[in-house]
Amino acid sequence: MIAAEDESAEVGLGPWAGDRPDDPRYDPELLAAGDRRNVVDRYRYWRREAVVADLDTRRHDFHVAIENWQHDFNIGTVVRNANAFLAAEVHIVGLRRWNRRGAMVTDRYQHVRHHPTIEEFVAWAAEADLPVIGIDNLPGSRPMETVTLPRRCVLLFGQEGPGLSEPARVACAELFSIAQYGSTRSINAGVASGIAMHAWIRAHAGPPPG
């Protein structure tokens, strides 16, 4: 029941006032009970399936992948960022289970695919003709601030702490790092994913719809 979703919306709307819209995208339960989901105004009162279908018409050409060997808590944030920047798909490599709390229910609107091993993920990327771009501050990584990310690609992130695994590093067509200026050795994958996705947006995307 969509009306019961807890999406922590900052501003909810009450029941629809006036005549109900004659449009199959609208959800009768939401129209009757109100829409308190965390969605932009253009999707208020829409069925979840209608929202996903509309997003699918304009998803971007980049994918996002993250390794999950130790139940990384950053995955929820990565999914939420992918939804915000309209990634084609999120790929979770390793363990199937992940903490969805940080996604703030955006996984209901974002396509998420699981790959049990890095080898299966790499095979999928090769079949889709998508270069794997690793984002990690490893020796030899090129500063992301000095390059333009490919339009069609998969941005791959490692786990908090160890970063990209050795098999993942080998699979990357290129490795890019994010400039840091403080004392910490690394930033977490949730933050890094937002920075990298926005770099892609700046290079390849137009303004968002009104």
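**Notebook: a parallel sheet and the helices around it**

I began with strand 4 and strand 6, which pair in the parallel sense over 4 bridges; two strands pair if DSSP finds at least two bridges between them. Helices (H or I, at least four residues) and strands (E, at least two) are DSSP runs, numbered from the N terminus. I noted that this is a predicted model, in which local features need pLDDT of at least 70 and side-chain atom pairs count only at pLDDT 80 or more, while totals for chains, interfaces and linings use all residues. Residues are numbered from 1 along each chain as its sequence is written, and side-chain values use heavy atoms, with hydrogens and water left out.

**Entry on the sheet**

I looked up which residue of strand 6 is the bridge partner of I135, and found F157. On strand 4 (residues 132-135) I also found parallel pairing with strand 7 (residues 174-177), over 3 bridges, where I133 has E174 of strand 7 as its bridge partner. I then traced the whole open sheet, whose 7 strands have the order 3-2-1-6-4-7-5 with parallel pairing. Its edge strands are strand 3 (112-115) and strand 5 (142-143), each of which pairs on one side only. As a reminder to myself, strands of a sheet pair through backbone hydrogen bonds, either parallel or antiparallel.

I next asked whether the faces of strand 4 are covered, and both are: V132 and G134 on one side, and I133 and I135 on the other, are all buried. Buried means under 20% relative accessible area, exposed over 50%, and partly exposed in between (1.4 Å probe, protein chains only).

**Entry on helix 3 and helix 6**

I found that helix 6 lies across strand 1 (62-68), strand 4 and strand 6 (153-157), running at about 160° to strand 6. The axes of helix 3 (residues 75-84) and helix 6 (residues 189-204) come within 8 Å and cross at roughly 20°; axes are lines fitted to C-alpha atoms, for helices over the stretch in contact, and angles run from 0 to 180 degrees between N-to-C directions. Helix 3 and helix 6 are therefore roughly parallel to each other, since angles under 35 degrees count as roughly parallel, over 145 as roughly antiparallel, 65 to 115 as roughly perpendicular and the rest as oblique.

Which residues make this contact? I listed T77, V78, N81 and A82 of helix 3, and A189, G190, S193, G194 and M197 of helix 6, where contact means heavy atoms within 4.5 Å.

I also listed the buried residues of helix 3, which are I75, G76, V78, V79, N81 and A82, and what covers them includes strand 1, strand 2, strand 3 and helix 6. In helix 2 (residues 48-56) the buried residues are A50, V51, V52, D54 and L55, and these pack against helix 3.

**Entry on positive phi values**

Most residues other than glycine have a negative phi, so I looked for exceptions. Y45, in the loop between helix 1 (28-33) and helix 2, has a phi near 75°, and at 7% relative accessibility Y45 counts as buried. M104, in the loop between strand 2 (90-94) and strand 3, has a phi near 55°, but M104 is partly exposed, with a relative accessible area of 25%. Just after helix 3, L86 takes a positive phi of about 60°.
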